[in-house]
Amino acid sequence: MAETICLIDDEPAILNTLSSILEDEGYQVLVAKSGLEALKIVRSEVPDLVILDIWMPEMDGLETLKRLRTQFPNILVVMMSGHGSIETAVKSTKLGAYDYLEKPLDLEKVTILVRNALHQRKLEEENLNLRIQVERRFELVGSSPAMERLRELIAMAAPANSRVLIAGANGTGKELVARAIHLQSPRHNRSFVEINCAAIPETLIESELFGHEKGAFSGASSMKRGKFELADGGTLFLDEIGDMSLATQAKVLRALQEQQFTRVGGTKLINVQVRVIAASNKDLSEEIGKGTFREDLYYRLNVLPIVVPTLKERRDDIPELAQHFLRLHSEEQGIKPKEFSPQGMEALQRHDWPGNIRELRNLIERLLIMVPKTIIDAADVEMFLQGRAPSGVPSLAVGTNYDSLREARNAFEREVISLKLRENNWNVSKTADELKIERSHLHRKIKLLHVELRPEH
């Protein structure tokens with residue numbers, strides 16, 4: 001669909017010339033001879049871009065710009081004027097204009113500016129959509145009393161700059177809580193940087209946290225910024241901090257106290273303004289007693305404590321979580337959505353979920369991919385919870401070495417399609433009906449996945 005541009009100018013010659021040029025470029029063009037006429041047009045059909053003359057009778061371009069931006073805050077506007085001045089250009093930019101053109105117009109410059117402005121708008125929309133997708137992916141789902149209390153704690157902690165210590169068992173969603181605090185904080189437009197302290201070897205963690213200078217150690221071929229530096233102005237999430245060595249704890253404590261550090265192999269002090277959120281699945285007070293965690297670091301971090309409940313403590317959230325993960329995985333995998341039968345949902349709620357949210361999420365993904373039916377029932381849930389696929393359903397060998405989820409999924413789909421074709425005596429139409437996909441789509445799958453269309457001998 002062609003992008004729409006609204007031209008606003010009281011000079012018919014300008015409107016005709018610009019309309020012809022932009023239409024030749026493939027844009028749909030709307031024209032208005034005054035600000036008031038433009039406001040009516042934009043209300044009925046919001047354009048992708050407005051090109052607005054400043055000097056017009058009755059209501060000038062700056063006033064028109066103000067009104068447009070009031071009614072449509074995200075509207076993209078380029079100003080133009082035959083009496084240009086730096087002051088006017090600055091004023092229009094402050095009012096929200098994207099750019100400024102001077103008359104007489106250079107038509108090549110106009111087309112380039114229009115192309116760039118619309119491209120930037122597209123990038124902004126894509127970034128917004130990506131942010132929405134990320135926020136959905138890390139959304140805290142559930143309305144149980146335990147979750148409502150957790151949301152209250154997050155809302156209280158988020159506006160402050162104080163450090164937060166999140167406690168909770170593996171798989172409860174400690175990272176989601178940290179992200180929620182960041183997104184609700186004044187730092188939400190700055191970086192959220194995370195590091196899993198348990199996943200990085202002791203020899204590398206100092207470099208990961210504070211960075212290193214070129215030549216600091218063997219293999220340091222260039223300067224590298226650490227997580228503290230990358231999170232400057234934003235939030236640093238130290239996950240599984242209970243697994244950090246005492247030597248590294250001492251350096252983290254110093255960085256928190258002084259809000260400055262030096263890179264490994266460097267001498268220059270680097271100042272940062274970072275909000276630190278830490279998390280651990282260990283009882284850090286017990287670790288202090290064992291001598292494996294510094295008491296002074298514990299009190300530095302444990303300003304605002306938050307404990308994340310286990311899934312067993314919030315069983316009422318399981319139906320909502322299951323539906324959320326079904327939608328999320330079906331979108332990510334490009335698979336048609338499925339549903340749980342009432343009995344299937346009851347089976348989910350009966351399970352104790354020692355692996356918490358992570359275990360539930362993984363099970364939902366497995367069921368979505370591996371169960372060929374559109375309704376997931378109790379038998380499916382129980383079978384997969386026990387680590388077995390229902391009889392008659394193809395299953396991927398656990399030891400099979402797949403390089404990606406896509407490769408594993410293709411292998412599974414190949415087995416399902418082959419099985420159904422054999423069951424239906426190689427009748428493609430009947431197989432497509434049973435698999436609930438279009439016949440043409442099944443043909444494409446057969447070709448793409450190299451499924452053999454011949455009976456067994």
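The legends below describe close-up views of a predicted model. Local features are given where pLDDT is at least 70, side-chain atom pairs count only at pLDDT 80 or more, and totals for chains, interfaces and linings use all residues. Residues are numbered from 1 along each chain as its sequence is written, and side-chain values use heavy atoms, with hydrogens and water left out.

**View 1. An open sheet of five strands with parallel pairing.** The strands follow the order S7-S8-S11-S6-S12; strands (E, at least two residues) and helices (H or I, at least four residues) are DSSP runs numbered from the N terminus, and two strands pair if DSSP finds at least two bridges between them. Strand S7 (192–196) and strand S12 (304–307) are the edge strands, each pairing on one side only. On average, neighbouring strands of this sheet are turned by 20° against each other, direction ignored; the axes are lines fitted to C-alpha atoms, and angles run from 0 to 180 degrees between N-to-C directions.

**View 2. The pairing of strands S6 and S12.** Strand S6 (residues 164–167) is joined to S12 in the parallel sense over four bridges. Valine 164 has leucine 304 in S12 as its bridge partner.

**View 3. Threonine 93 in helix H4 (residues 86–94).** Threonine 93 counts as partly exposed because its relative accessibility is 45%; buried means under 20% relative accessible area, exposed over 50%, and partly exposed in between (1.4 Å probe, protein chains only). A distance of 9.2 Å separates the C-alpha atoms of threonine 93 and valine 78, which are 15 residues apart along the chain.

**View 4. The largest nonpolar core, with 38 residues.** Such a core is a set of buried Ala, Val, Leu, Ile, Met, Phe, Trp, Tyr and Cys residues joined through side-chain atoms within 4.5 Å. Phe340, Leu348, Leu360, Ile364, Leu367, Val381 and Ile417 have the most contacts inside it. At least two residues come from each of several helices, among them helix H13 (318–333), helix H14 (342–350) and helix H16 (378–385). H15 gives the most to this core, with eight residues.

**View 5. The largest pocket, with a volume of about 680 Å³.** On a 1 Å grid over the protein atoms alone, a pocket is an open set of points where a 1.4 Å probe fits, with protein on both sides within 12 Å along at least five of seven lines; lining residues have an atom within 4 Å of a point. The volume is the space filled by probe spheres set on the points, which are joined across faces, edges and corners. Of the 25 lining residues, Ile335, Pro372, Glu413, Leu435 and Ile437 lie nearest the centre of the pocket. H17 gives the most to the lining, with six residues.
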